[in-house]
Amino acid sequence: MNTRAYWLIRYSGFAVVGIAALVNPPHQPHEQLFRALQIACFSAAGLALLGWLVLDERPRYRRRGLPIVLGVLAAAAGLAGVTSGGGQSLVAFAAVAAVAAGAETEWPEAIAVVAAGILPIWIAGPIVGCTIGTLAGYPLLIAATLSLGRNRRSYRVQAEQAAALVEQYERLRAEQRRADVLDERTRIAREIHDVLAHSLGALGIQIQAAKAVLTDHRDIDRAVEVLSTAQRMAADGLTETRRAVHALRVDSVPLGDELAAVVETHRLRYQVPVAFETSGAARPLPPDASLALLRTVQEALVNAAKHAPGEPIAVRLDYGPGDVSLTIVNHIDGAQAAMSDSTGDRGPGGARKPSSAGGYGLTGMRERLRLLNGTLLAGPREAEWAVTAELPLASVDMNAGPPPAPPGAAAR
């Protein structure tokens, strides 16, 4: 639509100049010469305009042909400027050519078009006796319009760059949305895995206990009691799975209260002494940090029940000035030989690290904490097995960004 409007204006202007030349013919004493020059200039300018139109319709040849067409138009219009009468107005098309050259060609080509419009004035003007105003004014007009064309080119380039940036921004937003969806899927999958690993690991222990009661003691009442506990654990696991899907989207209860509930449930379920204590000034943590520490406790408790049944367990939550740490310790006397981990990692003394769900538990906890710039250490300590999780407070602050990872965190 804009191209058609431009061409309507150009041809209308060309027609107006032609009518003005007919109404106001050249003056004496060079009337015949000026008339011949005007006819030749009008013809050349008309052909140049026609060639320009053809190039607009055939963009393939525009890059090479446009400077030539604009040069012919500028030369014809500039030469008409040294005549008299209405045909002298054709010099305006030299300015049009200069604007187009500045906007659509490179600097050398634009300067050549401007020179093609100015040189006929300077060469033919003194011969036909043009005034200083004509010899200086028209070239100045043509040269000035070149800067208008360059400004127009600059605005167009900026608009194209802005459009490209907007397109790139939209692509980045689409990629970011896709990445967010994948992160959400990964997070939910990790939450469900952790819940199932904990629940199924505990169920496995209960089923083994029921089997042992039936085969070794043939105590049906005790077996029913154990299976009832397993049934409750299965129901709790379903509830925990639903909760895990929305855990990071809703407000959570204080971490200390959640850990106390988990510890009490484990104590009643397995009939083992479990101590829980906290130190330092408690502070609210965002859901993902609380959930990471909660899952660490659940994983460690299941491992303790599997590899060191009946042994006392101690859970400690410490709020330090710069971090929050969680330690789970259980006695492993006589149980090291039973400890296994599919990853094959061994601690001091040749004991394998305990883990539930085929060895993915501790690995999953370590990855979860690493996302929060935290660390997880697990291994034997004299006659105990200790699991220690640490999170820097700056990384779990609701309004603070994550700090640099502590030295050696990647290697732990």
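Author: The expected span of a helix is 1.5 Å times one less than its number of residues. Helices (H or I, at least four residues) and strands (E, at least two) are DSSP runs, numbered from the N terminus. This is a predicted model, in which local features need pLDDT of at least 70, side-chain atom pairs count only at pLDDT 80 or more, and totals for chains, interfaces and linings use all residues. Residues are numbered from 1 along each chain as its sequence is written, and side-chain values use heavy atoms, with hydrogens and water left out.

Helix α4 covers residues 92-104. Its 13 residues should span 18 Å at 1.5 Å a residue, and this agrees with its end C-alpha atoms, which are 18 Å apart. Buried residues (under 20% relative accessible area, 1.4 Å probe, protein chains only) in α4 include Phe93, Ala97, Ala98 and Gly102.

Across the protein there are 11 helices and 5 strands, and 41% of the 412 residues are buried. A nonpolar core is a set of buried Ala, Val, Leu, Ile, Met, Phe, Trp, Tyr and Cys residues joined through side-chain atoms within 4.5 Å. The largest such core has 42 residues, with Leu293, Val297 and Leu326 among those with the most contacts inside it. Helix α9 (residues 287-307) supplies the largest share of this core, 10 residues. A second, separate core of 39 residues includes Ala98, together with Ala48, Ala74 and Val114.

Contact means heavy atoms within 4.5 Å. Of the contacts with a separation of 6 or more, 68% are between residues 24 or more positions apart.

Methods
Buried means under 20% relative accessible area, exposed over 50%, partly exposed in between (1.4 Å probe, protein chains only).
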